[in-house]
Amino acid sequence: MSKSQKSFSKIEREKKREKKQKEKRKKKEERKASKEENSGIPFAYVDQFGALTNKPVEKNLKIAVDIDSIEISTPKKIKEEIDPVRRGKVSYFDIAKGYGFIIDSETQEKYFTHISSFVNDVTENDSVTFELEKGLKGMNAVRVTKTESPKE
């Protein structure tokens with residue numbers, strides 16, 4: 001097939017392919033040349049602050065460290081004693097449906113509660129104490145007890 005019989009798009013594809021091959025060869029030669037120049041292994045030092053440098057650290061700036069004082073593991077978690085009984089206020093309660101919501105007085109979070117969790121009769125806007133328990137859709141207020149609100 002002569003050049004005149006080849007389609008324009010086919011000629012263009014061949015030109016692109018040849019151009020890509022030339023670029024690949026050029027990059028390969030550049031990598032070889034840079035490898036020969038930088039044949040040494042890069043070396044890094046750690047200074048007295050723990051930063052990497054390319055210059056060695058002076059002996060008088062080095063700090064002696066007791067190897068036994070270095071902890072490699074994560075620090076142990078200290079358990080804080082948390083009072084399971086929380087205080088709050090009933091923000092909404094539907095007697096017909098038997099559920100409502102309590103707002104925690106410390107965190108201002110809303111917790112679902114069910115009438116079966118009540119120790120005594122509780123109505124809307126009552127101050128209560130309660131405990132939290134994991135439910136299907138989050139934390140639920142359980143063992144809800146009505147408390148006397150402080151006189152204002």
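Does glutamine 108 count as buried, partly exposed or exposed, and at what relative accessibility — which is it? Glutamine 108 counts as exposed, at 55% relative accessibility. Here buried means under 20% relative accessible area, exposed over 50%, and partly exposed in between (1.4 Å probe, protein chains only).

## Basis of the model

The model is predicted: local features need pLDDT of at least 70, side-chain atom pairs count only at pLDDT 80 or more, and totals for chains, interfaces and linings use all residues. Residues are numbered from 1 along each chain as its sequence is written, and side-chain values use heavy atoms, with hydrogens and water left out.

## Overall make-up

Helices (H or I, at least four residues) and strands (E, at least two) are DSSP runs, numbered from the N terminus.

Of the 152 residues, 16% count as buried. The accessible surface comes to about 14,100 Å², and 53% of that belongs to carbon and sulfur atoms. Accessible areas come from the Shrake-Rupley method with a 1.4 Å probe; for residues, only the protein chains shown count as cover. Among contacts (heavy atoms within 4.5 Å) with a separation of 6 or more, 38% are between residues 24 or more positions apart.

## Strand β5 and its partners

β4 and β5 run antiparallel and are joined by five bridges. Two strands are taken as paired if DSSP finds at least two bridges between them. Tyrosine 99 has histidine 114 of β5 as its bridge partner. The two strands form a hairpin with five residues between them. Glutamine 108 lies in that loop between β4 and β5, and its phi is near 60°, a positive value in a residue other than glycine.

β5 also pairs with β7, in the parallel sense and over two bridges. For threonine 113, the bridge partner in β7 is alanine 141. In a regular strand the side chains alternate between the two faces of the sheet. The covered face of β5 holds Tyr111 and Thr113, and the uncovered face holds Lys110, Phe112 and His114.

## Salt bridges

The structure holds five salt bridges, a salt bridge being a side-chain nitrogen of Lys or Arg within 4 Å of a carboxyl oxygen of Asp or Glu. One of them joins lysine 15 and glutamate 12, at 3.9 Å from N to O. Both residues lie in helix α1 (residues 8-37), three residues apart, about one turn of the helix. Glutamate 12 is partly exposed, with a relative accessible area of 28%.

Aspartate 104 and arginine 86 meet in a salt bridge with an N to O distance of 2.6 Å. This pair links distant parts of the chain, 18 residues apart: aspartate 104 is in strand β4 (residues 99-104) and arginine 86 is in strand β3 (residues 86-94). Aspartate 104 is buried, with a relative accessible area of 1%, whereas arginine 86 counts as partly exposed at 25%.

In the salt bridge between aspartate 126 and lysine 146, the closest N and O atoms are 3.7 Å apart. This pair also links distant parts of the chain, with aspartate 126 in the loop between β5 (110-114) and β6 (127-135), and lysine 146 in strand β7 (residues 138-146), 20 residues apart. Aspartate 126 counts as buried at 13% relative accessibility, and lysine 146 as partly exposed at 39%. Elsewhere, Glu131, Glu133 and Arg143 are linked in a network of salt bridges.

## The loop between β5 and β6

Asparagine 125 is found in the loop between β5 and β6. Its phi is positive, about 70°, although asparagine 125 is not a glycine.

Valine 119 lies in the loop between β5 and β6 and is exposed, with a relative accessible area of 59%. Leaving aside neighbours within four places in sequence, valine 119 is in contact with Arg143, Val144 and Thr145. Valine 119 and phenylalanine 130 are eleven residues apart in sequence, and their C-alpha atoms are 9.7 Å apart in space.
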